[in-house]
Amino acid sequence: MAGKSNLVAPLTRIWSAFWKEGPAHLAQAGRGVVATIDGWLLDSKHAMYGIAVARMIFAAAALGLLLTNFNTRHYTYGSGAAWSGQLEEANGSFAGNPLFEVFFSIARNDAAVTVYFLMLIVLAAALLVGYRARLILPVFLVLWIGLIETPYFGGDQGDNALRIALFLMLFTDHSARWSFDARRRGRSANSTGTIPAKLWRGTRILPTGLTNLWHNLALVALACQVFMIYVSGALFKAGGEPWQNGTAIYGPLHTMRFGPWPELSELITTFGWVVALGSIGSVMLQVCFPGALLFRWTRIPVLFAMISFHAGIALLMGLPWFSLAMVGIDAIFIRDITWERMANWFKRSARANEEAPPAPAPVPDELVDTGERETERVSVGV
């Protein structure tokens, strides 16, 4: 009985202390969490270089799709696609919305389709270099949705991911780094004027706290988007027998549609361990991706592996624009200091190449012969 009382007394004191002081500690911890979240959302914008890289990659993906489909634009999107029935009735999630049906209304006119393509190419190039990007992105997004939602057989899931990412990018300060807008903003940071004038110059219009909040919330939404894509895809794969036994990637690599390099696909799938590693490893990589980003020692290898994963999809399955769209979203998970270090390294390399002394001019053969003869005369005492 004495031993039991000796055990109960300390437990009673602990419970009493927790009951008295526990709520206060929990409240203090809650206030700390709220303050941390509040500071992260409102104090400053995050991933400024990452979102700039994402802007450039998204624009490059759109530009690549437009250029590679320019020769077949009439067959895929215009009058030549009438056989599919896509010109009879608008389809997709945006059907019936006049804002996104501009292309559908002109799809039978080949000249208008060409002009539409050229406009999108110009807008994508301007977005790539960050020229008036805050004004160009909404226009580009509307025209882009109208184009990719028209064809029945001309799109893939990369179009959906890119469309959602471009919409979320509207709320970010995507041209504050590595753009013509950044240079212009630096020259006119304190300028005043009307709202259209500020938009044209790229200067701030809304309060800093509000723009910080929108920017950071958009980053969170982009992260959640890619998390859902990766994890849901991994869980869906895990339920299939080919993924469980490690043979899933063999089939797609040997189909005509997803095998642009048959010889390379044949070489890679010759090794059973490569097929198993690609099949099972991709599922594990996708499902572990969100958690691996929490720590730097896991974030670096998982980002490297994911970029390599998308590079493999682009090369072996012929889906470069889908892969670029996903890599663009992944760019926001790389720290700004890392992007700055890479940029500084490239600058130092370029400066070193410019400042390197020129190579000495070659000596003419006749002077070389004369010099050799003079050396021979000295050596024999002439």
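Is Arg163 buried or exposed in this predicted model? At 15% relative accessibility, Arg163 counts as buried, because the limit for a buried residue is set at under 20% relative accessible area.

**View 1. The salt bridge between Glu149 and Arg163.** In this close-up, Glu149 and Arg163 form a salt bridge in which the closest N and O atoms are 2.9 Å apart. Glu149 lies in the loop between helix 6 (133-148) and helix 7 (157-169), whereas Arg163 belongs to helix 7, so the pair ties together parts that are 14 residues apart in sequence. Glu149 is buried as well, with a relative accessible area of 16%.

**View 2. The salt bridge between Arg184 and Asp181.** The count of salt bridges in the model comes to 2, and this view shows the one that Arg184 forms with Asp181, with 2.7 Å between the closest N and O atoms. The two residues, Arg184 and Asp181, are 3 residues apart in helix 8 (residues 180-187), which means that about one helical turn separates them. Both Arg184 and Asp181 are buried.

**View 3. The crossing of helix 2 and helix 7.** The axes of helix 2 (residues 48-68) and helix 7 come within 11 Å and cross at roughly 140°, which makes helix 2 oblique to helix 7. Helix 2 contributes Ile51, Ala54, Arg55, Phe58 and Leu65 to the contact, while helix 7 contributes Asp159, Leu162, Ala165, Leu166 and Met169. Sorted by class, the contact of helix 2 with helix 7 has 8 nonpolar residues, no polar residues and 2 charged residues.

Key: Residues are numbered from 1 along each chain as its sequence is written. This is a predicted model: local features need pLDDT of at least 70, side-chain atom pairs count only at pLDDT 80 or more; totals for chains, interfaces and linings use all residues. Side-chain values use heavy atoms; hydrogens and water are left out. A salt bridge is a side-chain nitrogen of Lys or Arg within 4 Å of a carboxyl oxygen of Asp or Glu. Helices (H or I, at least four residues) and strands (E, at least two) are DSSP runs, numbered from the N terminus. Buried means under 20% relative accessible area, exposed over 50%, partly exposed in between (1.4 Å probe, protein chains only). Axes are lines fitted to C-alpha atoms, for helices over the stretch in contact, and angles run from 0 to 180 degrees between N-to-C directions. Angles under 35 degrees count as roughly parallel, over 145 as roughly antiparallel, 65 to 115 as roughly perpendicular and the rest as oblique. Contact means heavy atoms within 4.5 Å. Ala, Val, Leu, Ile, Met, Phe, Trp, Tyr, Cys and Pro count as nonpolar, Asp, Glu, Lys and Arg as charged, and the others, Gly among them, as polar.
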